[in-house]
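Me: I have some questions about how the terms used for this model were decided. Please set each value against its cut-off.

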Amino acid sequence: MFLNCQKPSLIKDPYIYGPDSIMLDLEDAVAENQKDAARYSLYHALQEIDYRGVERVVRINGLDTPHWREDIRVCVAGGADTIRIAKTESAQDVRTVEEAVLAAEREFGRPEGSTLLMAALESCRGVLNALEICESSERLIGIALSGGDYTKDLQTKITGTGVELMGARQHMIMAARAAGVQCWDTVFTNLDDMEGFRKETEMIKLMGFDGKSLVNPRQIRVVHEVFTPTEKDIIFAEKVVREIDDKKAKGIGVFTVDGKMIDIAFYDGAKRTIELAKASGVYEGDL
């Protein structure tokens, strides 16, 4: 969930809404003449507020601005969990930020490697370079689509149909999966269309995304409902894991579970369902 660092009232207690992650924004949401004030608020928030287990991500200003180096120093000094690199277009962009992060960790006595990275892809070039970006750094936990800037670069607009974003979404998912990192979808800004938001969230989950960026606390519940495995999903996943473990020991490669043909290829997906259920707090089994 995006939060403007320029407004202390927004960043003091967002954990009460139950987001998995908060995006403390130093970039577009902050006026050009308020960057220093936003960094001041960010530092004290990171140092003094107990966010109660909510991941603290900071979106820094782009590498084409004079602000990003100081943004990184404040993020690292304050102890941010992850830095989101705005307008990432190449693996070199990630490596440039990585070098600055390492220098800041050494400067402020933070454990080297403790500050993770996320890359926001906001242009056609960035999307086309998704795989090299995903493989650019061991610190990189994933990539995220920024639909507004991307469609502007594509010379179109957000239509609500998803057609204009389909190519970027699928390309980014494939790159993330090939590299073994995560992938997050762009924001949905029409807060009056909660039905449309739910449909889009259901669609991007089916596409393979790990989550969705948000602009309002009202959207959190919908994302949790869509991404949390249902009881039916969990029961089936348990059956698959147990049956594969059992059949593998007996040398049986193909069998059926609830009338569905199953083989070893289903194992990782079933385990992921169970892990997601555990992370969501809805699983108390022993797998």
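Me: Which residues of α3 are buried?

Reply: In α3 they are Trp 68, Asp 71, Ile 72, Val 74, Cys 75, Val 76, Ala 77 and Gly 78. Buried stands for a relative accessible area under 20%, exposed for over 50%, and partly exposed for what lies in between, with a 1.4 Å probe and protein chains only. The model is predicted, so local features need pLDDT of at least 70 and side-chain atom pairs count only at pLDDT 80 or more, while totals for chains, interfaces and linings use all residues. Residues are numbered from 1 along each chain as its sequence is written, and side-chain values use heavy atoms, with hydrogens and water left out.

Me: What makes Leu 46 count as buried?

Reply: Its relative accessibility is 5%, so it falls under the cut-off for buried. Leu 46 is placed in helix α2. Not counting residues up to four places away in sequence, Leu 46 touches Leu 24, Arg 56, Val 74, Cys 75, Gly 78, Gly 79 and Ala 80.

Me: How do you know that Ala 144 is buried?

Reply: The relative accessible area of Ala 144 is 0%. Ala 144 belongs to strand β6 (residues 140-145). With neighbours within four places in sequence left aside, its contacts are Arg 84, Met 118, Ala 119, Ala 120, Leu 121, Met 172 and Trp 184. Ala 144 and Ser 213 are 69 residues apart in sequence, and their C-alpha atoms are 8.3 Å apart in space.

Me: Why is the pair of Tyr 15 and Tyr 51 given a label of its own, and which one?

Reply: By the rule there are two aromatic pairs. In the pair of Tyr 15 and Tyr 51 the ring centres are 6.4 Å apart and the planes stand at 80 degrees, so the label is edge-to-face. The rule pairs rings of Phe, Tyr and Trp (its six-membered ring) if their centres lie within 6.5 Å; planes under 30 degrees apart are stacked, over 60 edge-to-face, and the rest tilted. This pair links distant parts of the chain, 36 residues apart: Tyr 15 is in the loop between α1 (8-11) and β2, and Tyr 51 in the loop between α2 and β3. Tyr 15 is buried at 19% relative accessible area, and Tyr 51 is buried at 3%.

Me: How do you know that the charged end of Lys 247 sits over the ring of Phe 255?

Reply: The charged end of Lys 247 is 5.3 Å from the centre of the Phe 255 ring. The rule asks for NZ of Lys or CZ of Arg within 6 Å of the ring centre and within 35 degrees of the ring normal. Lys 260 likewise lies over the face of Phe 236, at 5.0 Å from the ring centre.

Me: What is the volume of the largest pocket, and what makes a space a pocket?

Reply: The volume is about 1600 Å³. Of its 50 lining residues, Asp 210, Gly 211, Phe 227, Arg 272 and Leu 276 are the closest to the centre. On a 1 Å grid over the protein atoms alone, a pocket is an open set of points with protein on both sides within 12 Å along at least five of seven lines; a cavity is a set where a 1.4 Å probe fits but cannot get out, and lining residues have an atom within 4 Å of a point. Points are joined across faces, edges and corners, and the volume is the space filled by probe spheres set on them.

Conventions
Helices (H or I, at least four residues) and strands (E, at least two) are DSSP runs, numbered from the N terminus. Contact means heavy atoms within 4.5 Å.
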